[in-house]
Amino acid sequence: SASASASASASASASASASAVVDGKVILNLATEADLRKLPGVGPKKAQAIVALREKLGGRFKRIEDLMRVRGLKRKALERIRPHVVLDAEPPQKPAK
């Protein structure tokens, strides 16, 4: 199953340059490691850990605070990252029909 997820992430990263950043904010649930490294205080190791945590959580974060489950990512780091990220591509509030 590792090879299946590897090929999926490879095809995702090809189109991710456009889709994982919206209005200059990184979309946490779509971001690649390269996208995450654009965030303040996030290096290669932390970017890798964020992607691994997202997979462990079933492929998506429910809230930005989930990032604090990454080892070494404290509240102060979260507050620096928060203005630069959104959870999903679409706005969370859906118009009620």
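Me: Helices (H or I, at least four residues) and strands (E, at least two) are DSSP runs, numbered from the N terminus. With that settled, where does N29 lie?

Reply: N29 is in the loop that links β2 (25-27) to α2 (33-36). Bear in mind that this is a predicted model, where local features need pLDDT of at least 70, side-chain atom pairs count only at pLDDT 80 or more, and totals for chains, interfaces and linings use all residues. Residues are numbered from 1 along each chain as its sequence is written, and side-chain values use heavy atoms, with hydrogens and water left out.

Me: Why is N29 called buried?

Reply: Buried means under 20% relative accessible area, exposed means over 50%, and partly exposed is what lies in between (1.4 Å probe, protein chains only). N29 has 10%, so the label is buried.

Me: What does N29 touch, leaving aside its neighbours within four places in sequence?

Reply: Contact means heavy atoms within 4.5 Å, and on that basis N29 meets R54, G59, R60, F61, L87 and D88. With F61 there's also a specific atom pair: the N29 side chain reaches the backbone nitrogen of F61 at 2.5 Å.

Me: How confident is the predictor, and where is confidence lowest and highest?

Reply: pLDDT is the predictor's confidence in each residue, from 0 to 100. The protein's mean is 82, with 74% of residues at 70 or more. Helix α1 (residues 2-19) has the lowest confidence, a mean of 46, while helix α3 (residues 44-56) has the highest, at 97. Over residues 1-17, pLDDT stays under 50, and the model has 3 contacts beyond four places in sequence for that stretch.

Me: What makes D23 exposed?

Reply: Its relative accessible area is 75%, which is over the cut-off, so D23 counts as exposed. D23 is in the loop between β1 (21-22) and β2. The backbone is worth a look too: D23 has a positive phi of about 55° although it isn't a glycine.

Me: How do you know which strands are at the edges of the sheet?

Reply: Two strands pair if DSSP finds at least two bridges between them. The open sheet has 3 strands, ordered β1-β2-β3, with mixed pairing. β1 and β3 (85-86) each pair on one side only, which puts them at the edges. β2 and β3 run parallel and are joined by 2 bridges; I27, for instance, has V86 in β3 as its bridge partner.

Me: What makes a set of residues a nonpolar core, and which residues touch the most other members of the largest one?

Reply: The set has to be buried Ala, Val, Leu, Ile, Met, Phe, Trp, Tyr and Cys residues joined through side-chain atoms within 4.5 Å. The largest such core has 20 residues, and L28, L36, I50, L67 and L73 touch the most other members. At least two residues come from each of α3 and α4. The largest share, 4 residues, is supplied by α3. Setting aside neighbours within four places in sequence, I50 is in contact with L36, V42, F61, L67, V70 and L73.

Me: Why is the K38 and D35 pair called a salt bridge?

Reply: The rule asks for a side-chain nitrogen of Lys or Arg within 4 Å of a carboxyl oxygen of Asp or Glu. The closest N and O atoms of K38 and D35 are 3.4 Å apart, so the pair qualifies.

Me: What separates the C-alpha atoms of E79 and E65?

Reply: A distance of 9.6 Å, with the two residues 14 places apart along the chain.

Conventions
A polar contact is a pair of N or O atoms within 3.5 Å; within protein, one must be able to donate a hydrogen and the other to accept it, and residues adjacent in sequence count only if both atoms are side-chain atoms.
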